Amino acid sequence: MHPYIAEFIGTAILILLGNGVVANVVLKDTKGNSSGWIVITTAWALAVFVAVIVAGPHSGAHLNPAVTLALAITKTFDWAKVPYYMLAQIGGAMLGSLLVWLFYKDHFDATDDKGLKAAPFATGPAIANKKSNLFSEVVGTFVLIFVIFYITGGEMGAEKTPIGLGSVGALPVAFLVWVIGLSLGGTTGYAINPARDLGPRIIHSIIPMKGKADSNWGYAWVPIVGPIIGALLAALLHLFLKG
């Protein structure tokens, strides 16, 4: 599988499962209605795990423009591939979001609250204050990227022979996303990924959803700029500490 295709498919799976759990929790008459934040954060973490399993062997499973940018800044990823990875991630996020809408269409139609109908697409702040909302996205993404730099593979013996962990190797980043959601997700819904927010927001703006709310493009820059700043700061600190 080509790396760009892997990023596209991996991100589509990530959004299908991640935004899918939001739809399951907030939309009317679903089996998971009102099951709460712990369900959302757990499913998002597991969505990351599943997506990394699929894309990891082929593309490194960035699945996030912030990750791609940080790796390029630290010279562990080719700058020439950055725009193609980002386009694949945004495209995959759009497909995943479209599938969520089709999957839960009856429940979207049955839900009257426009805010709840928008929630399974893009993120939004619990309290609208763009300065603090931006800060939340910067900090959340900083933690994500900085910790990713320090995730290591398994080693054996004094010679530290690398051990292939297979699919289990995707667990650390899943736990990382889980704790970010539980601890830092309450203010903005923890986008921490520009593609995760932009792709679904585009889909929300173009689908013929009954009783659709505004796509809130006035807020859309926050979950794009915040993760980029967070990734930049994490990459620069990592380079500084490496000397």
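At what angle do helix α3 and helix α4 pack, and how far apart are their axes? Let me start there, everyone. Helix α3 (residues 65-73) and helix α4 (residues 82-103) pack at about 165°, and their axes are 9 Å apart. Helices here are DSSP runs of H or I with at least four residues, numbered from the N terminus. The axes are lines fitted to C-alpha atoms over the stretch in contact, and the angles run from 0 to 180 degrees between N-to-C directions.

A quick word on the model. It is a predicted one, in which local features need pLDDT of at least 70 and side-chain atom pairs count only at pLDDT 80 or more, while totals for chains, interfaces and linings use all residues. Residues are numbered from 1 along each chain as its sequence is written, and side-chain values use heavy atoms, with hydrogens and water left out.

Who meets whom? On the α3 side we have P65, T68, L69 and A72, and on the α4 side V82, Y85, M86 and Q89, where contact means heavy atoms within 4.5 Å. The residues of this contact of α3 with α4 divide into 6 nonpolar, 2 polar and no charged. Here Ala, Val, Leu, Ile, Met, Phe, Trp, Tyr, Cys and Pro count as nonpolar, Asp, Glu, Lys and Arg as charged, and the others, Gly among them, as polar.

Now to another helix pair. The axes of helix α1 (residues 3-26) and α2 cross at roughly 170° and come within 8 Å. That makes α1 roughly antiparallel to α2. The contact of α1 with α2 has 20 nonpolar, 5 polar and 1 charged residues.

Next, please look at the loop between α2 (37-59) and α3, where A61 lies. A61 is not a glycine, yet it has a positive phi of about 55°. L63 is in the loop between α2 and α3 as well, and its phi, near 60°, is also a positive value in a residue other than glycine. Are these residues buried or exposed? A61 counts as buried, at 11% relative accessibility, and L63 is buried too, at 4%. The cut-offs for relative accessible area are under 20% for buried, over 50% for exposed and partly exposed in between, with a 1.4 Å probe and protein chains only.

Let's finish with the aromatics. The whole structure holds 9 aromatic pairs. Rings of Phe, Tyr and Trp (its six-membered ring) pair if their centres lie within 6.5 Å, and planes under 30 degrees apart count as stacked, over 60 as edge-to-face and the rest as tilted. F146 and Y150 have ring centres 5.1 Å apart and planes at 55°, so this pair is tilted. Y150 is partly exposed, at 42%. F175 and W178, in contrast, form a stacked pair, 6.2 Å centre to centre with 25° between the planes. These two residues are 3 apart in helix α8 (residues 171-184), about one helical turn, and W178 is partly exposed at 28%. One more group to show you: Y4, F77, Y84 and Y85 form one aromatic cluster. Notice that Y85 is also one of the α4 residues that meet α3.

Definitions and conventions:
Parallel < 35°, antiparallel > 145°, perpendicular 65-115°, else oblique.
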